[in-house]
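Here is a short tour of a protein chain and its ligand, written to be read beside the model. Keep the viewer open and follow along.

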Amino acid sequence: MDIHDIVILGSGPAGIQAGIHSARRGMGVLVLGKPQNSAIMKGHFENYAFVEGPVDGEALMKAGLAQVRKAGATLLEEDAVSLETAEGGFKVRTESGQEAACRAVVLATGAARKRLGVPGERELEGKGVSYCADCDAGFFKKKRVVVTGDGSAAASGALHLLHFTQDVTLVAGKLAIAPALSEELRASRVRIIEGQKIKSITGDDQVREAVLSDGTSLPADGVFIETGAKGILELGASLGLALNEEGHLAVGRDMATNVPGLFAAGDVTGPPWQMAKAVGEGCVAGLSAAVHVKGGGKG
Ligand SMILES: Cc1cc2nc3c(=O)[nH]c(=O)nc-3n(C[C@H](O)[C@H](O)[C@H](O)COP(=O)(O)OP(=O)(O)OC[C@H]3O[C@@H](n4cnc5c(N)ncnc54)[C@H](O)[C@@H]3O)c2cc1C
């Protein structure tokens, strides 16, 4: 297991800025996440001070990655699939099965909760449609569940559901997951249907079936939509992270969450969804995490 002072989950503006500030404080820092999945890659920026735009987000990302490396942080382009407390701090596992131990964590995974946008999805949310296998699996003991998504979140969500029910079907367009996770999935009892998408979800008060693009009906009590990377709710499911009234991570001015040693920054803490806010919060979170590791004092 690799040991670091700080692990940062997310390589968008918030995570990269947290990495720059904490690494420059002499911390051993690991930044996890896929830069290409950052929201910054989708935009052109002209409201970010000191950078006269419009500037392509990709160019900003290239500069940020070079800066965080220069500051001394290590980057690993993998999603975290689990985050737990461990003696003296935390343990993080990535999609390829690598484990990292650390004293502090900065959560900077952005604000992704991707919907499928299919008929029945919104109507049946909370009535069998869920976006968090780690949070809701316990409600589906011995039930029939369908998980959909192409990435690590769907694969690890399906594997997690096996602890509660043996009837787990994973529907994927084309699975794109790390070899270790793929091996674990294919050796498991999860039934895998590739080359299909969910076209609609039906039911009245409760999910009854998922209908696939080729018309196949999958009888189901639950449909788990896991189309992004693991989000904060999934990753923090066992940690008891407190949310604010709007349902975003609750943080103080030092960007500390209610879990000691766990800090958060950027879109995960709520609106405004802006790079300037993400970068500012990332700076504070990185410094606060360094203070935590050093055992007190001012950032
Ligand atoms: C089309 C578009 C246009 C925009 N235009 C503007 C604009 O003009 N001005 C402006 O200020 N803002 C704009 N924004 C918003 C801005 O891009 C975001 O506010 C900003 O990128 C948030 O930064 P973040 O680091 O919090 O999250 P993100 O940039 O979303 O980065 C999140 C990172 O976390 C990683 N991640 C997710 N899950 C995991 C996991 N389980 N393990 C490890 N890593 C994980 C992702 O791969 C990604 O690298 C725009 C956004 C979009 C989509």
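A residue is counted as near a molecule if its C-beta atom, placed from the backbone, lies within 6 Å of that molecule. This is a predicted model, in which local features need pLDDT of at least 70 and side-chain atom pairs count only at pLDDT 80 or more, while totals for chains, interfaces and linings use all residues. Residues are numbered from 1 along each chain as its sequence is written.

**Around the ligand**

The ligand has 35 residues around it, and those that come nearest are G12, G33, G43, G110 and G266. By class, the shell holds 17 nonpolar, 13 polar and five charged residues; here Ala, Val, Leu, Ile, Met, Phe, Trp, Tyr, Cys and Pro count as nonpolar, Asp, Glu, Lys and Arg as charged, and the others, Gly among them, as polar. Two helices, α1 (13-23) and α7 (275-294), each supply at least two residues of this shell. Helices (H or I, at least four residues) and strands (E, at least two) are DSSP runs, numbered from the N terminus.

**Two helix pairs**

Two packed helices are described by the angle between their axes and the distance between the axes. The axes are lines fitted to C-alpha atoms, for helices over the stretch in contact, and the angles run from 0 to 180 degrees between N-to-C directions.

| Helix pair | Angle | Axis distance |
|---|---|---|
| α1 and α7 | about 35 degrees | 7 Å |
| α4 (152-161) and α5 (179-186) | about 35 degrees | 10 Å |

The crossing of α1 and α7 is right-handed, whereas that of α4 and α5 is left-handed. A crossing is called left-handed if the near helix is turned anticlockwise from the far one by less than a right angle, and right-handed if clockwise.

Two residues are in contact if their C-beta atoms, placed from the backbone, lie within 7 Å. On the α1 side, residues including G15, A18 and S22 meet α7 residues, among them G282, A285 and G286. This contact has 13 nonpolar, seven polar and one charged residues. In the other pair, S152, A155, S156, A158 and L159 of α4 meet L181, E184 and L185 of α5, a contact made of five nonpolar, two polar and one charged residues.

**Inside α1**

A residue is buried if 20 or more other C-beta atoms lie within 10 Å of its own, exposed if 12 or fewer, and partly exposed in between, with C-beta atoms placed from the backbone. By that count, 11 of the 11 residues of α1 are buried. Their cover includes β1 (2-9), β2 (29-32), α2 (57-70), β8 (99-107) and α7.

A18 sits in α1 and is buried because 38 other C-beta atoms lie within 10 Å. Beyond its neighbours within four places in sequence, A18 is in contact with I8, V106, A108, A265, G282, A285 and G286.

**A strand residue for contrast**

L76 lies in strand β5 (residues 74-76). L76 is partly exposed because 18 other C-beta atoms lie within 10 Å.

**The whole chain**

The protein chain has seven helices and 17 strands, and 46% of its 299 residues count as buried. Its C-alpha atoms fill a box of roughly 55 × 45 × 40 Å along the principal axes. Among contacts between residues at least 6 apart in sequence, 61% join residues at least 24 apart.
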